[in-house]
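Work through the exercises below with the sequence and the model side by side. Each task is followed by a solution that goes step by step.

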Amino acid sequence: MENQLIIAAPGSHRATGRTITEQFHAFDTRHPHVYRALERMAARRLAAGATRISLKDLFEDLRRQLPYAVAGLNNNFTALYARRLIDDHPHWADAFELRRRRAA
């Protein structure tokens, strides 16, 4: 076992061995208020006339708003939150730019 190189599978996290999607679902289950906050923030921006929304910008705003932040609020989750917002609010689809996913 000594001096072995461990190579993570594509889409997995070295520390946990779980895919980003698995990590996201675990995080979302523990912190449902994060999604609700992102949903409110997106709704406010759209109501104020925004035609495009960056989930990374929402993440940064959320980090500033939360008194002690949220441990584990990983930028790798932005695309998954954007997809969830679109699933729940299909009429918001044009506000978010999505790219094809490479990993699960």
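Helices (H or I, at least four residues) and strands (E, at least two) are DSSP runs, numbered from the N terminus. The model is a predicted one, in which local features need pLDDT of at least 70 and side-chain atom pairs count only at pLDDT 80 or more, while totals for chains, interfaces and linings use all residues. Residues are numbered from 1 along each chain as its sequence is written, and side-chain values use heavy atoms, with hydrogens and water left out.

**Exercise 1. Describe the secondary structure of the protein chain and state what part of the chain is buried.**

Start with the elements: the protein chain has four helices and zero strands, and reading along the sequence gives the pattern α-α-α-α. Next take burial, where buried means under 20% relative accessible area, exposed over 50%, and partly exposed in between (1.4 Å probe, protein chains only). By that rule 33% of the 104 residues of the protein chain count as buried.

**Exercise 2. Find how H1 and H2 pack and which residues meet.**

Axes are lines fitted to C-alpha atoms, for helices over the stretch in contact, and angles run from 0 to 180 degrees between N-to-C directions. The axes of H1 and H2 lie 4 Å apart, and the two helices pack at an angle of about 90 degrees. Angles under 35 degrees count as roughly parallel, over 145 as roughly antiparallel, 65 to 115 as roughly perpendicular and the rest as oblique, and H1 is therefore roughly perpendicular to H2. Taking contact as heavy atoms within 4.5 Å, Phe27, Asp28, Thr29 and Arg30 of H1 meet Pro32, Val34 and Tyr35 of H2.

**Exercise 3. Describe the packing of H4 against H2 and against H1.**

Begin with H2 (residues 32-47) and H4 (residues 78-88), which pack at an angle of about 65 degrees with axes 11 Å apart; H2 is therefore roughly perpendicular to H4. On the H2 side Val34, Tyr35, Leu38 and Glu39 take part, and they meet Tyr81, Arg84, Leu85 and Asp88 in H4.

Now turn to H1 and H4, whose axes are 10 Å apart at an angle of about 65 degrees, so that H1 too is roughly perpendicular to H4. Here Ile20, Thr21, Phe24, Phe27 and Asp28 in H1 meet Leu80, Tyr81 and Arg84 in H4.

Finally, look at H1 (residues 20-30) by burial: its buried residues are Thr21, Gln23, Phe24, Ala26, Phe27 and Asp28, and these pack against H2 and H4.

**Exercise 4. Which residues of the largest nonpolar core touch the most other members?**

A nonpolar core is a set of buried Ala, Val, Leu, Ile, Met, Phe, Trp, Tyr and Cys residues joined through side-chain atoms within 4.5 Å. The largest such core has 25 residues, of which Val34, Leu38, Leu55, Leu62, Tyr81 and Phe96 touch the most other members. H1, H2, helix H3 (55-65) and H4 each supply at least two residues of this core, and its largest share, six residues, comes from H2. As an example, Leu62 touches Val34, Ala37, Leu38, Met41 and Leu73, when residues up to four places away in sequence are not counted.

**Exercise 5. Is Asp57 buried, partly exposed or exposed?**

Locate Asp57 in helix H3, and then compare its relative accessibility with the cut-offs: at 43%, Asp57 counts as partly exposed. Asp57 and Thr78 are 21 residues apart in sequence, and their C-alpha atoms are 9.7 Å apart in space.
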